[in-house]
Amino acid sequence: MSGRAGVEVSAAAYTLVCGLDRIPREGGVCALVDGAAVAVFRTYDDEVFALGNYDPFSRASVLARGIVGTRGEVPFVASPMHKQAFDLRTGQCLDDAAVRVPTYDVAVRDGAVLVGPARESPEEGT
Amino acid sequence: MSPHLRKTLVVVGHGMVGHRFVQAAIERGLTETHDVVVVGEEPRPAYDRVALTSFFEVGAEALSFLPDGEYDDPRVRLLLGTTVEELDPVQRTLRLSSGTEVAYDELVLATGAAPFVPPVPGHDLPGCFVYRTIEDLEAIRDAAAGARTGVVVGGGLLGLEAANALHGLGLETHVVEMAPRLMPVQVDDAGGATLARHVEALGLRLHTGVATRAVVGRDGRAASLDLGEETVEADVVVFSAGIRPRDALARAAGLDLAERGGVLVDEQCRTSDPHVWAIGECAAPAGRMYGLVAPGYAMAEVVVDALLGGPGSFTGADMSTKLKLMGVDVASFGDAFATTEGALELVLADAVAGVYKKLVVSEDGRRLLGGILVGDVSAYGVLRPMVSSGIELPANPEELILPAGRGGGEVALPDEAQVCSCNDVSKADIVAAAACDGTTRAGATCGSCKPLVKKVIEEYYAAQGRTVDRSLCEHFAMTRQELFDVVAVHGYTGFDEVVAAHGTGRGCDVCKPTVASVLASQLGQHVLDQGRATLQDTNDAYLANIQRNGTYSVVPRIAGGEITPEGLIVIGEVARDFGLYTKITGGQRIDLFGARMEQLPDIWRRLVDAGFESGHAYGKSLRTVKSCVGSTWCRYGVQDSVRMAIDLELRYRGLRSPHKLKGGVSGCARECAEARAKDFGIIATEKGWNLYVGGNGGATPAHARLLAGDLDDETLVRYLDRFLMYYIRTADRLQRTAPWIDSLEGGLDRVREVVVDDALGLGSELEAAMARHVAGYRDEWRDTLEDPDKLQRFVSFVNAPDVPDPHIGFRAERGQEVPAEPTGPVVLGTSIPVGAPR
Ligand code: SRM
Ligand SMILES: Cc1cc2nc3c(=O)[nH]c(=O)nc-3n(C[C@H](O)[C@H](O)[C@H](O)COP(=O)(O)OP(=O)(O)OC[C@H]3O[C@@H](n4cnc5c(N)ncnc54)[C@H](O)[C@@H]3O)c2cc1C
Ligand code: SF4
Ligand code: FES
């Protein structure tokens, strides 16, 4: 799931992380959500996605600092360390089918970005 | 038909258009009803005036349109060497210079034009010429035989042609043009500048924006030209300051003339007298004169048609010109000066290639209105019809003028050569994988072998006769050079504009940093300005080098490796206070490792306050200029290598380039600074400096090669400015100087031609670009510290800015902190205080 301004969010355990303005278009920020580092990205068309910040290849907490773009239709982030690409919608690594990073529910309400719980098993697409 | 019903048609002037008229008259049967008399002033039949200059090579015979001296039709009579002196339109008679009178029924004036000679004092001295007829050229040739210098007054199309001829006759040749540029009628200032560079490179001296005051004589002959400020020697003077229609006959006969001269005619080319017609350069249809042959030919056809009772009309002509001028292609077509309301201009000015191209496009961007091409007119064939037919432009019209991708050099690697050392992949492995469209692991680790891998694959495909895709990535079907040109043409300042107009999708980790680097090279603004932070590779994005555990290293500039004890102490204190691992680098400076992102501003505030600045260890830009101690201390040193290294490092600091740049300066041939392992290496000699270029370490080491020797300081810097800017403008993404030099046709010799001999005449432009960089340099870290917007990115967590990322751990080794072995993601207890969203 991804968030867009105006989407209604249920009362689940959402953490308010920052204003949408704080995330640069096609950039990411790192948020602390329930003690975990979560990378929150904003795409060019203002969709917001959240992934675990941890890059399983370099084993460092860095994904929020990667470059955001598209591969075909897929919005992705490239790890700043060694450039492996991850699908922002599903956390799937686009360079290695066996690797996937966790994704989080995320919503935008009144210009504020809220990150919810980690998804059990990420669904495809949005 | 009985003879007394035949009419007499007289043609005055046997030049290009008069001749074409007679030909058409014969072909279309006008001579069935008319006897044609042609009166020509020149001693010979019509010839190809457009090709006049080739007279010097091929002689008069070869230019003639009528080598036999008569037409293949007995009803046409040719009177040569005869001038028509008077026209009486009432009696319909002409008086000839031979004294005879000729009566006509219909009269066609095709008297052409005469060169305009400005009435300056001395303009009629012996030694002064015009450039219009074979006789003129014969006279010029004879005068040049005993002369040393020549001047052409007028820098238009014809003037340049005449100048080239004088040059070819062995004269030291000058061109004087009153307008501020050459060919003022066809090209604009920038096009004129490009043309001027070509022309000067051929050895001609230009004086633009200068009026001729007088021709100064000596012993009754032209000797020099007074230009006011200066005087130019001139044994031979050729006036080429425009042409004037030869309308004297018509004027004396009382026919209507156009305001600016020329015999006024209607769409049938009929003058104010119904039995008199005018065609070619002497005519002014709708008041406008045409100084080209093609419109004259069209007028000739129209009059033949009219005399046969046909409906043909002349309603204006395409003034497009395309010519090869002294080996330089020049074309100008349509509304070349963008005079149409709202017209937009797209300009590609590639000084390196000596090319200037401009498209003039309608306000809505849909139609091509005109353009100017200098240096490369290959697009003319496509463009001109687009103007005349008004067909819709493609979506990216500038692609019509962008250069085709520049080819790369060859790799002469043996098959077993290891290309990727991280993954032990050989050239043969890569070729084998390419053959079955497979992949290897090459380039997947440190990435340093990627350019080589790319070259091997390209070479393989090229050998298979397959076209090589030189696209940057899936988003841009162009190379870095093409992208550089596109950005320059449009003056783009952001990625969004570039990808919207020339790319697809939203970019990636390949094209975004490339666009960022090109923008930085061209605009020289802060790399984090205006949303450009998200384009940068992570090192540029945080102005520091990321390390394996996600922390950063900090490298302050220590120019030339020289540092004061106080400076060393500050660095030591900062390292101690922030707990940073400290190491002397291979680049003669100090690296402080293990800084968390949120600590970077605090660390840099301390360093900047102590007078340090960014060392750009993170940028594709100048890193260091290494030095040896040189003549200050060393008993062998012959020059002050430390001073030179510092000067150069400070000059080129912050210069964004296709790959990183390194320099070195050694004080003598012992080469303690390892200068020849650098992109530019300088080694002191007794007389000055030897400059070497194209060295590097890394995976494919290369020794720098001598570009120029025994240079003084000033020349050294000038050559380096040119060299570096030439590299920045034309190298491929992540291509260091050595492979770039190899990729140029002519290799190092080509670089020497451009940088040392200034063969393209763009030395001063490259130097000016560097001067702009030097003047505009600002320390990136100081600017960042002063800008809250830039600073707010340097936080561990957006909602807990001061909480360290729990994932980052350290352990001790040899008394300093180093990264701990990483584990999986760490989750802190939920009790950790979380800052309010900012
Ligand atoms: C720190 C240092 C090693 C050291 O401890 O001495 C170093 C460290 C790195 N080098 Fe280096 N190189 C360092 C001197 C060199 C030298 C020696 C020199 O400059 O005289 C060379 C060989 C000379 C040369 O560049 O040709 C060198 C050849 C490379 C290369 C291979 C370049 C090539 O053309 O193949 C890379 C990879 C690259 O740039 O793509 C590289 C890349 C790197 C990077 C930036 C890799 C990265 O992206 O993380 C390393 C991180 C630097 C950091 O975190 O600060 N480093 N590296 C040296 C920093 C010099 C400085 O003060 O700025
Ligand atoms: C060096 C040079 C290069 C050129 N290059 C180009 C080019 O690249 N492209 C292009 O389109 N154009 C070019 N031109 C221009 C082109 O030559 C002219 O447009 C063309 O010659 C015009 O033809 P015309 O018949 O009107 O005039 P002309 O060719 O000049 O013929 C007129 C003739 O009439 C004669 N005459 C004049 N008055 C009388 C009189 N009273 N009695 C009898 N005879 C008379 C003249 O002696 C002359 O022979 C060039 C011209 C020159 C000089
Ligand atoms: S290169 Fe020459 S001048 Fe420099 S330190 Fe070595 S020996 Fe001395
Ligand atoms: S990835 Fe090929 S040499 Fe490092």
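## Exercises: helix packing and the A–B interface

Glu26(A) and Arg506(B) are joined by a salt bridge, with 2.8 Å between the closest N and O atoms. A salt bridge here is a side-chain nitrogen of Lys or Arg within 4 Å of a carboxyl oxygen of Asp or Glu. The model is predicted: local features need pLDDT of at least 70, side-chain atom pairs count only at pLDDT 80 or more, and totals for chains, interfaces and linings use all residues. Residues are numbered from 1 along each chain as its sequence is written, chains are lettered from A and ligands numbered from 1 in the order in which they are written, and side-chain values use heavy atoms, without hydrogens and water.

**Exercise 1. Describe the interface between chain A and chain B.**

Step 1. Count the residues. 39 residues of chain A are in contact (heavy atoms within 4.5 Å) with 47 residues of chain B.

Step 2. Take the area. About 3300 Å² is buried between the two chains, and carbon and sulfur atoms give 55% of that. Buried area is the accessible area (1.4 Å probe) that two parts lose on being put together, summed over both.

Step 3. Find the main contributors in chain A. Arg22(A), Leu32(A) and Arg65(A) lose the most area to chain B, together 24% of what that side buries.

Step 4. Count the charged pairs. There are 4 salt bridges between chain A and chain B.

**Exercise 2. Which residues bring helix 1 and helix 7 of chain B together?**

Step 1. Helices are DSSP runs (H or I, at least four residues), numbered from the N terminus. Helix 1 (residues 16-27) of chain B packs against helix 7 (residues 293-307) of chain B at about 35°, with axes 9 Å apart. Axes are lines fitted to C-alpha atoms over the stretch in contact, and angles run from 0 to 180 degrees between N-to-C directions.

Step 2. List the contact. Helix 1 of chain B contributes Met16(B), Val17(B), Arg20(B), Phe21(B), Ala24(B) and Ala25(B). Their partners in helix 7 of chain B include Val293(B), Tyr297(B), Glu301(B) and Leu307(B).

Step 3. Find the charged link. Glu301(B) and Arg20(B) form a salt bridge, 3.5 Å from N to O. This pair joins distant parts of the chain, 281 residues apart.

**Exercise 3. Classify the packing of helix 15 and helix 16 of chain B.**

Step 1. Read the angle. The axes of helix 15 (residues 565-578) of chain B and helix 16 (residues 600-609) of chain B come within 10 Å and cross at roughly 160°.

Step 2. Apply the cut-off. Angles over 145 degrees count as roughly antiparallel. Helix 15 and helix 16 of chain B are therefore roughly antiparallel.

Step 3. Name the contact. Val570(B), Ile571(B), Glu573(B), Val574(B), Asp577(B) and Phe578(B) of helix 15 of chain B meet Asp602(B), Ile603(B), Arg606(B) and Leu607(B) of helix 16 of chain B.

**Exercise 4. Classify helix 18 against helix 20 of chain B.**

Step 1. Helix 18 (residues 713-730) of chain B and helix 20 (residues 747-755) of chain B pack at about 120°, their axes 10 Å apart.

Step 2. That makes helix 18 of chain B oblique to helix 20 of chain B. Oblique covers what is left after under 35 degrees (roughly parallel), over 145 (roughly antiparallel) and 65 to 115 (roughly perpendicular).

Step 3. Tyr719(B), Arg722(B), Phe723(B) and Tyr726(B) of helix 18 of chain B make the contact with Arg750(B), Val751(B), Val754(B) and Val755(B) of helix 20 of chain B.

Methods: Helix = DSSP H or I, 4+ residues; strand = E, 2+ residues; numbered from the N terminus.
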